[in-house]
Every structure is written in C-alpha cells, then in structure tokens.
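Notebook open, structure on screen.

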Amino acid sequence: MTFLFFFIFAGFALAGAVGVVMLRNPFYCMLSLVVHLISLALLFLLLEAQFVAVAQIVVYAGAVMVLYVFVVAYVGGGDKPDQLWSASARQKALAIGFASLIFIELAIAILGTALSALGTDGATLSANYGTPAQIGELLLTDYLLAFELASMLLLVAAIGAVALAGRRGGIAEDESNLSPRHTPVDTPSPAATGSMAEGVSGYGVTKPLPDPQFEGRELQQPTRAAAEDDR
Amino acid sequence: MSVNWYLLVSAMIFTLGAAGVIVRRNPLVILLCLELMLNAGNLALIGFSRMWGDGAGEIFAIVVMVIAACEVAIGLGIIVALYRRRLPVDVDELRELHG
C-alpha cells in the first residue's frame, strides 16, 4: 500500500517538476509548482514527518506561492510567447547534457554507497517522531543557534526585499529620470472633482470651478451675478 | 520501504530543476526551478531522517525552507526593481554583470 501511494505521489511530484520546466506561461509554471509542492508534502507524510508536511503546505504552497502570484500578476510575462522554445539550440543541448551529467553522478552516488547493505527500511520510530513537540524541542535545545540565525536571516531578507522593491530609495532611486508610467493618479483632474460642489451644481469635469474670490456669490446664483455685472 | 526510492525521486527532481535553471530565460521561472532544487534536497533530508529515526533531518529541512523563503523574497524584490526600471525581465538580455 505504501508503495502504491509512493508511486502516485512521486509521479505527481515529477509531473509538476516537468511542468515547471516545460510550460511556457510563467503563471502555469507556478501552478505546476503548487502541484509539485503538495505531492511532495504527501511524500513527507509517507515518511512520517507530519510537521514538515504541514509546514510545506502552509508556508510553501500557501504563503510563498501567494507572493509569486502577486509578482507574476505585476510583472506579467505571460504576454510574450516564451522563451523556452526560443532558447538557442546550443543552450538546450548544454542544459540537457549538464542535467544528465548531474543525474548520472547522483545515481552513482546513490547506488555506489553501502546504503543497500544497511537495511534502509528505516529505524523503528519513537512515538513522537515528526510531531511538533519533537521539532520544537530540537529547535530550542540542540539547534538553538540555527533557529536564531534563521530568524535573523528572515529579518534581513524582509528588510532587503523592502529596500529593493520599495518605491523610494534602493535600486529604483533614479526612477524619475525615466519616462513616467502613466497612472490615473498622475492625470490632472479639474478642481472640485469629487467635492460637494461637483455633486450639487455640476462643477468639475464639465464646468470649471469659478474663481475663488467670487466663489460665494457665483455658487449661489451665477446667472444673476453675471447680469448685475453687466448692469 | 527503502529510502533509496526517495533518493531516486529526489535526484530526478534536482536534475529537472538544474536543467530548468539553465534553459529558461525568465527570472521568475528560474526562481521556481531553484525552488525545485531546494525541495529535492528537502526530500532527501527527510528521507534520511526517517531512515535514522532521528529528528535532525527535519530541522535541516525546516532551515532549508527558511532559506528558500528568504531567497524568494530577495529574488522577487530584484525582479520587481528590474521591472520598475524598464529593464527587460530576461536573463539573457541583462548582461551588465557579464564582464
């Protein structure tokens, strides 16, 4: 039974990985990676690492992928037909050759070790293997330094991401020298747009707002005031 | 069941990720392929952790996930900054660091 589940999940994980590499639209690549991550989490469950499986789904397939969705939606990139198929033949050949070299090396490493002599079916597990209790205990005792360093790293990465992608400062500092991107905010709207005067008496887009010094009179009775001026 | 199977799947995923990093030109997809490679490492770590019945591999896997999250945050920040400066979001056209 475990074998059956293993092959199903491994098949989905590999199909997801192939999809990430082969699909043209970055958005579909990302969805394919979500499939990959979820089936990988199921493989973790088969290995009885419950906490890591849940963290994989919540952190990876949830939070990180939402970040990707935002950036893919912002940058786009799905417009142009990609990229993979316009890659030069030399590059593709290089990629395939390099990847098969890596795979052969890994296969030699796996087969060439004495793992098969060790009885790799796994040790008998203690009752709390893979539970949050065990993970938490290990993180706060044996691996406290790694835990603290990881938290510092997350903080630095968050600051770095804000500094890189923030609108002011950072790498985008000379943004104003480039041709400005047109946004609705930049369009000068007539005075009184969105004010009470526009709603009540139609000033704004169609009628310009009268001069401020005549504002009181004109707003009350513009026609009669004009008539008095003539007289 | 033997940990060798998991190691084999891990090796295949790592290989696919490495090929993707080389062949793709969109930096977003390159980041996704890097995720594939990190996940392959995670699978091997969890497999070895199960084999020894020891929790250390799981801690390593969690630390790898933290590293991956940092890498995604910084990488996506760089991509957004590229896009803001109207630079092409294509690694083959960004040759300034090429030397």
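I call two residues in contact if their C-beta atoms, placed from the backbone, lie within 7 Å. I also keep in mind that this is a predicted model.

Entry one, the helix pair in chain B. With that cut-off I looked up what joins α2(B) to α3(B). From α2(B), the residues that meet α3(B) include Leu31(B), Leu38(B), Leu45(B) and Phe48(B). On the α3(B) side I found, among them, Phe60(B), Val64(B), Val72(B) and Ile79(B). Sorted by class, this contact holds 15 nonpolar, five polar and three charged residues. The two axes come within 8 Å and cross at roughly 175 degrees. Angles over 145 degrees count as roughly antiparallel, so α2(B) and α3(B) are roughly antiparallel to each other.

Entry two, between the chains. I got 62 residues of chain B in contact with 79 residues of chain A. On the chain B side, α1, α2 and α3 each supply at least two residues. Which helix gives the most? It is α3(B), with 20 residues. By class, I read 42 nonpolar, 12 polar and eight charged residues on that side of chain B.

I listed its buried residues: Phe9(A), Ala10(A), Ala13(A), Gly16(A), Ala17(A), Val20(A) and Val21(A). What do the buried residues of α1(A) pack against? I found α2 of chain A, together with α1 and α2 of chain B.

Definitions and conventions:
Residues are numbered from 1 along each chain as its sequence is written. Chains are lettered from A and ligands numbered from 1 in the order in which they are written. This is a predicted model: local features need pLDDT of at least 70, side-chain atom pairs count only at pLDDT 80 or more; totals for chains, interfaces and linings use all residues. Helices (H or I, at least four residues) and strands (E, at least two) are DSSP runs, numbered from the N terminus. Ala, Val, Leu, Ile, Met, Phe, Trp, Tyr, Cys and Pro count as nonpolar, Asp, Glu, Lys and Arg as charged, and the others, Gly among them, as polar. Axes are lines fitted to C-alpha atoms, for helices over the stretch in contact, and angles run from 0 to 180 degrees between N-to-C directions. Angles under 35 degrees count as roughly parallel, over 145 as roughly antiparallel, 65 to 115 as roughly perpendicular and the rest as oblique. A residue is buried if 20 or more other C-beta atoms lie within 10 Å of its own, exposed if 12 or fewer, and partly exposed in between; C-beta atoms are placed from the backbone.
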